[in-house]
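Reader: I would like to learn how to read a protein model feature by feature. Please give the general idea each time, then the case at hand.

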Amino acid sequence: MRVIACALMAWQVWMVWHIASHEASTVRWTCDAAEGCASDQFAAGASFVGAVCALVLGLLSARFLHRATPGAVVALCAVACAAGWYDAVADGQVGYDTVTGFHLFFPLGRFSVSGWLTFLWSVAAAGCLAACWGAAVSLRRTAGLRRLSRRYATADAVLEGWRSVGRKRGEVTVVFEDLAGVRHEVPAVVERVALRRDVLAVYDTDRPDDPVRTRVAVPRRKLLRLS
């Protein structure tokens, strides 16, 4: 259910941001000295709708993307918006040198289509970098790659003791029971955040007492559940 919801919301995010840029040059504004400017065209408020949809997509997909979520969602919005400009050029609505405005909650100014595309691809690149960084942090914190190996198993663990070895890291004793029910106490270095969370011991089934092969995984908190 969550996967389907993510796919549908990602499609909606793409479509709304695509409309926001594709129809940007066709929006007609009615301005009044007392009430300001307004338009009854969907494209005029599409960026606001797109931002709301992007937020919902982020909440839904955080279970799968973890810390890569913000960057991935921003990159998706930027690429969809860029695709809208390219299609607008292909449809003859604008040219690359056409100067036009774009609204994102408020008018961002008037620039050429080429200028908007440069800006959007820069945002997309920044989003991709943020997503890669977030993914690396999540994989390290959750021991994601190690848990995929059949050589390793996981068990609920308790952390005992704390001796600081840096600003956010410290030495602890990881207490857990292996698949055979045997209790183990293994020294490890963890981030301070692990002390306030439920953690898992990821250990080598052949050498569960080996501190070199034992990691402490901090699962991501589940903020949103779908049945």
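Aromatic pairs, cores and cysteines

Author: Tyr86 has 34% relative accessibility and therefore counts as partly exposed. Keep in mind that this is a predicted model.

Reader: Which ring does Tyr86 pair with, and how is such a pair described?

Author: A pair of aromatic rings is described by how far apart the centres are and by the angle of the planes. Here Tyr86 pairs with Tyr96, edge-to-face, at 6.4 Å centre to centre and with 70° between the planes. Tyr86 belongs to helix α3, while Tyr96 sits in the loop between α3 and β3 (99-104), so the pair ties together parts that are 10 residues apart in sequence. Tyr96 is also partly exposed, its relative accessible area being 40%.

Reader: How many aromatic pairs does the structure hold?

Author: The structure holds three aromatic pairs. Another of them joins Phe111 and Trp116, again edge-to-face, with 5.4 Å centre to centre and 85° between the planes. Phe111 is partly exposed at 44% relative accessibility, whereas Trp116 is buried at 6%.

Reader: What should I look for in a nonpolar core?

Author: In soluble globular proteins, nonpolar side chains tend to be buried together. In this model the largest nonpolar core has 26 residues, and Val13, Trp17, Trp85 and Phe102 touch the most other members. At least two residues of this core come from each of α1 (2-22), α2 (42-65), α3 (69-90) and α4 (113-142). The most is given by α3, with eight residues. Another core, of 16 residues, lies apart from it; Ala153, Val174, Val199 and Val218 are among them.

Reader: How should I read the cysteines?

Author: A disulfide is a covalent bond between the sulfur atoms of two cysteines. The structure holds zero disulfides. Cys81 is in no disulfide, and the nearest cysteine sulfur, that of Cys77, is 8.7 Å away. With 1% relative accessibility, Cys81 is buried. Cys132 is in no disulfide either; the nearest cysteine sulfur belongs to Cys128, 6.6 Å away.

Reader: Is Cys132 buried or exposed?

Author: Cys132 is exposed, its relative accessible area being 55%. The cut-off for exposed is over 50%.

Reader: Where does α2 bend?

Author: The bend in α2 is at Leu59 and comes to about 35°. To read a helix, also list its buried residues. For α2 these are Ala43, Ala44, Ala46, Ser47, Gly50, Cys53, Ala54, Leu57, Gly58, Leu60, Ser61 and Ala62. Just after α2, His66 has a positive phi of about 55°.

Reader: How many helices and strands does the protein have, and in what order do the elements run?

Author: There are five helices and nine strands. Starting at the N terminus, the order is α-β-β-α-α-β-β-α-α-β-β-β-β-β.

Reader: What do the totals for the whole protein say?

Author: Begin with burial: 39% of the 227 residues count as buried. Then take the contacts between residues at least 6 apart in sequence, of which 57% join residues at least 24 apart.

Key. Residues numbered from 1 in each chain as written. Predicted model: local features only at pLDDT ≥ 70, side-chain atom pairs only at ≥ 80, totals over all residues. Heavy atoms only, no water. Core = buried A, V, L, I, M, F, W, Y, C linked by side-chain atoms within 4.5 Å. Buried < 20%, exposed > 50% of the residue type's maximum accessible area, 1.4 Å probe, protein only. Helix = DSSP H or I, 4+ residues; strand = E, 2+ residues; numbered from the N terminus. Disulfide = S-S within 2.5 Å. Bend = angle between axes of the 7 residues up to and from the residue. Contact = heavy atoms within 4.5 Å. Phe/Tyr/Trp six-rings, centres within 6.5 Å; stacked < 30°, edge-to-face > 60°.
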